[in-house]
Amino acid sequence: MQPDPLARPWYKEFWVWFILGILGMSVVLGTSMLVIATRNPPGLISDNYYDVGKGINTSLERENLAVRLKLKASLQLDNERGTASLQLQGYSKPPQLVLNLISPTQPERDRRVVLQAQADGSYAGNLLDAVEGRRFVEVIGQEGGQDWRLFEEEQLASGQSVQLGE
């Protein structure tokens with residue numbers, strides 16, 4: 001039997017390289033995804049659900065104390081001057097408050113501001129950088145040795161007043 005003069009070697013066939021190209025591309029993309037996944041672990045997943053559950057109960061106790069003290073607050077952020085001011089109403093006037101501006105998806109954008117009591121009864125603190133967009137706004141204070149907490153999800157903008165505890 002003589003070889004067919006029209007038959008070409010396998011490496012000159014289009015479909016062989018097409019199939020090998022698909023396989024090679026899947027290996028490259030799979031390896032790329034593996035590298036990205038190992039270098040960027042998910043930050044929103046908790047490893048210890050029991051501690052998270054205990055923390056939720058503590059938060060509820062702090063929020064209930066704020067309701068019993070009839071606390072309400074009005075927060076205003078001024079990104080141009082880098083200040084945060086808060087007017088607190090209710091039966092608690094601690095010497096300082098902690099303001100947490102928590103990003104729902106990016107922990108590196110969370111901000112913590114200590115607000116000091118002013119002579120006029122308000123509270124003021126300094127912002128290190130501009131804070132805008134969707135945030136969880138948390139104000140924590142103490143009354144009678146117990147922590148209380150006001151918490152809201154808000155869309156923040158410079159100069160805009162945000163109401164907490166309503």
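These are my notebook entries on a predicted model, taken one topic at a time.

**Entry 1: the sheet**

I began with the strands and looked up their order. Eight of them make an open sheet, and the order across it is 7-6-3-4-5-2-1-8. The pairing is antiparallel. As background, I noted that strands of a sheet pair through backbone hydrogen bonds, in either a parallel or an antiparallel way.

Which strands stand at the edges? I found strand 7 and strand 8 there, each with a single partner strand, so one side of each has no neighbour in the sheet. I also looked up the twist, which averages 25° from one strand to the next.

**Entry 2: strand 1 and its partners**

Next I followed strand 1. Strand 1 pairs with strand 2 in the antiparallel sense, over seven bridges. I picked S74 and looked for its bridge partner in strand 2, which is Q87.

Strand 1 also pairs with strand 8, again in the antiparallel sense, over four bridges.

Which residues of strand 8 are on its covered face, and which on its uncovered one? V162 and L164 are on the covered face, while S161 and Q163 are on the uncovered one.

**Entry 3: the nonpolar core**

I then turned to the largest nonpolar core, which has 25 residues. L86, L88, L99, W148 and L150 have the most contacts inside it. I listed the elements that give two or more residues to this core: helix 2 (49–68), strand 1 (72–78), strand 2 (83–89), strand 3 (96–102), strand 4 (111–117), strand 6 (133–143), strand 7 (146–156) and strand 8 (161–164). A general remark belongs here: in soluble globular proteins, nonpolar side chains tend to be buried together.

I looked up N79, which is in the loop between strand 1 and strand 2. Is N79 buried or exposed? Its relative accessible area is 16%, and buried means under 20%, so N79 is buried. A polar atom of the N79 side chain lies 3.2 Å from the backbone nitrogen of V131. Setting aside neighbours within four places in sequence, I found N79 in contact with L127, D129, A130, V131, E132 and S158.

R62 was my second case, and its place is in helix 2. R62 is buried too, with a relative accessible area of 17%. With neighbours within four places in sequence left aside, the contacts of R62 are E138, I140, D147, W148 and R149.

**Entry 4: aromatic rings**

Last, I went through the aromatic pairs, and the count is six. For W10 and W17, the ring centres are 6.3 Å apart and the planes are at 25°. Planes under 30 degrees apart count as stacked, so this pair is stacked. W10 is exposed, at 55% relative accessible area, and W17 is partly exposed, at 48%.

F136 is in strand 6 and F151 in strand 7, so the pair ties together parts that are 15 residues apart in sequence. F151 is partly exposed, with a relative accessible area of 30%.

Which residues do ring pairs link into a cluster? I wrote down W10, Y11 and W17.

Notes:
Residues are numbered from 1 along each chain as its sequence is written. This is a predicted model: local features need pLDDT of at least 70, side-chain atom pairs count only at pLDDT 80 or more; totals for chains, interfaces and linings use all residues. Side-chain values use heavy atoms; hydrogens and water are left out. A nonpolar core is a set of buried Ala, Val, Leu, Ile, Met, Phe, Trp, Tyr and Cys residues joined through side-chain atoms within 4.5 Å. Buried means under 20% relative accessible area, exposed over 50%, partly exposed in between (1.4 Å probe, protein chains only). Two strands pair if DSSP finds at least two bridges between them. Axes are lines fitted to C-alpha atoms, for helices over the stretch in contact, and angles run from 0 to 180 degrees between N-to-C directions. A polar contact is a pair of N or O atoms within 3.5 Å; within protein, one must be able to donate a hydrogen and the other to accept it, and residues adjacent in sequence count only if both atoms are side-chain atoms. Contact means heavy atoms within 4.5 Å. Rings of Phe, Tyr and Trp (its six-membered ring) pair if their centres lie within 6.5 Å; planes under 30 degrees apart count as stacked, over 60 as edge-to-face and the rest as tilted.
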